[in-house]
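Please keep the sequence and the 3D view at hand while reading.

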Amino acid sequence: MIVTIGRQHGSDGHAVAEALAKKLGVPCYSKEIVDHTAKSANLSRDVVSSYDEKRVLPLFIADTPFFGASEIYQLNTQIASAQFDTIRSLAAKGDAVFVGRCADYVLRGRPDLLRVFVMADQPFRIKTLMARYGLSEDQAKKRAKVVDKDRASYYSYYTDQTWGETESYDLCLNVARLGVDGCVETIAACLDAIK
C-alpha cells in the first residue's frame, strides 16, 4: 500500500506519517524526496529545498524581464517535475508513506493508494509551531499562514485541485481531536478495510 499525507503546517502531519511508516514497517518519504530529487536532477540540495512546495509565480509575471522571473519559473517547474519523477520511482519500489509534494495527485490511479489529509484547529497548530521553532504567537500565526499559502498554491498549480478539500482525499483527520496515535490507528484500520 502507498499512503500519501497532505498536511496543514503545524498539524503534526509529519509525525503522523513517521509513526504510520514505523507501524507498517515501510519507508517514509518527505525531505528524502528533496535529497533524491537533487541527486537525480544534478542540482544542489539547497536549490531543490528552496523551491520545495513553494508558490509558483504566475506565468504572466514569469514572462516579464524583471529580476530573472522567467528563469525562476522554469527552475520551479523543472524541480517539481523532477520531484514527481522521484515520487513515482520511489513508489515503484514498494509500500511507502509519502508526505506532501502533490504525491496524492502524482500517484493517482494506483489501486493501492490511500490519500490522507491531516489538519488541526488553529490554536493547536500555533502552539505546535511555537514549541517546534521557538516562535512568538504572532510569528507562529504568520508562519502557518505563509507555509499553508505556499502549499495550497503549489498544489493548485500542479494538480488543478484545491489543497485540503475533501474531494482530493480518501480520509481527512483532525490531529487536535485524535492525536498522532489516534490518526495512525485510524489510517491503519482504513488500510485493513480496503485490502
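The structure is a predicted model. A search of the whole of this model finds 12 salt bridges, and helices H7 and H8 pack with their axes 9 Å apart.

**Packing of H7 against H8**

- Two packed helices are described by the angle between their axes and the distance between the axes.
- Helix H7 covers residues 122-133 and helix H8 covers residues 137-159; the angle between them is about 105°.
- Angles of 65 to 115 degrees count as roughly perpendicular, and therefore H7 is roughly perpendicular to H8.
- On the H7 side, the contact is made by Gln122, Arg125, Ile126, Leu129, Met130 and Tyr133.
- On the H8 side, the contact is made by Glu137, Ala140, Lys141, Arg143, Ala144 and Asp148.
- Sorted by class, this contact of H7 with H8 has six nonpolar, five charged and one polar residue.

**Helix H8 in detail**

- H8 has 23 residues and reaches 32 Å from its first C-alpha to its last, which is close to the expected 33 Å.
- The buried residues of H8 include Ala140, Ala144, Val147, Asp148 and Arg151.
- Tyr154, Tyr155 and Tyr158 are also among the buried residues of H8.
- An α-helix has 3.6 residues a turn, so residues three or four places apart point the same way.
- Just after H8, Asp160 takes a positive phi of about 60°.

**Salt bridges**

- Asp35 forms a salt bridge with Arg45, and the closest N and O atoms are 2.4 Å apart.
- Because Asp35 lies in helix H2 (residues 31-41) and Arg45 in helix H3 (residues 45-50), this pair ties together parts that are 10 residues apart in sequence.
- Asp35 is partly exposed, with a relative accessible area of 36%, and Arg45 is partly exposed at 35%.
- Arg110 and Asp112 meet through their side chains in a salt bridge of 2.8 Å, N to O; Arg110 is partly exposed, with a relative accessible area of 28%.
- Asp170 and Arg115 also meet in a salt bridge, at 2.9 Å from N to O.
- This pair links distant parts of the chain, 55 residues apart: Asp170 is in the loop between H8 and strand E5 (171-174), and Arg115 is in strand E4 (residues 113-119).
- Asp170 is partly exposed, with a relative accessible area of 41%, and Arg115 is partly exposed at 21%.
- Arg7, Glu53 and Arg151 are linked in a network of salt bridges; Arg151 is one of the buried residues of H8.

- Is Gln83 buried or exposed? Gln83 counts as buried, at 1% relative accessibility.
- Gln83 is placed in helix H5 (residues 69-92).
- Leaving aside residues up to four places away in sequence, Gln83 touches Ile33, Val34, Thr37, Val48, Asp52, Arg101 and Tyr154.

**Positive phi angles**

- Most residues other than glycine have a negative phi.
- Asp12 is not a glycine, yet has a positive phi of about 70°.
- Asp12 lies in the loop between strand E1 (2-7) and helix H1 (13-24), and is buried, with a relative accessible area of 19%.
- Cys102 likewise has a positive phi, near 60°.
- Cys102 lies in the loop between strand E3 (96-99) and helix H6 (103-106), and counts as buried at 3% relative accessibility.

Definitions and conventions. Residues are numbered from 1 along each chain as its sequence is written. This is a predicted model: local features need pLDDT of at least 70, side-chain atom pairs count only at pLDDT 80 or more; totals for chains, interfaces and linings use all residues. Side-chain values use heavy atoms; hydrogens and water are left out. Axes are lines fitted to C-alpha atoms, for helices over the stretch in contact, and angles run from 0 to 180 degrees between N-to-C directions. Helices (H or I, at least four residues) and strands (E, at least two) are DSSP runs, numbered from the N terminus. Angles under 35 degrees count as roughly parallel, over 145 as roughly antiparallel, 65 to 115 as roughly perpendicular and the rest as oblique. Contact means heavy atoms within 4.5 Å. Ala, Val, Leu, Ile, Met, Phe, Trp, Tyr, Cys and Pro count as nonpolar, Asp, Glu, Lys and Arg as charged, and the others, Gly among them, as polar. A salt bridge is a side-chain nitrogen of Lys or Arg within 4 Å of a carboxyl oxygen of Asp or Glu. Buried means under 20% relative accessible area, exposed over 50%, partly exposed in between (1.4 Å probe, protein chains only). The expected span of a helix is 1.5 Å times one less than its number of residues.
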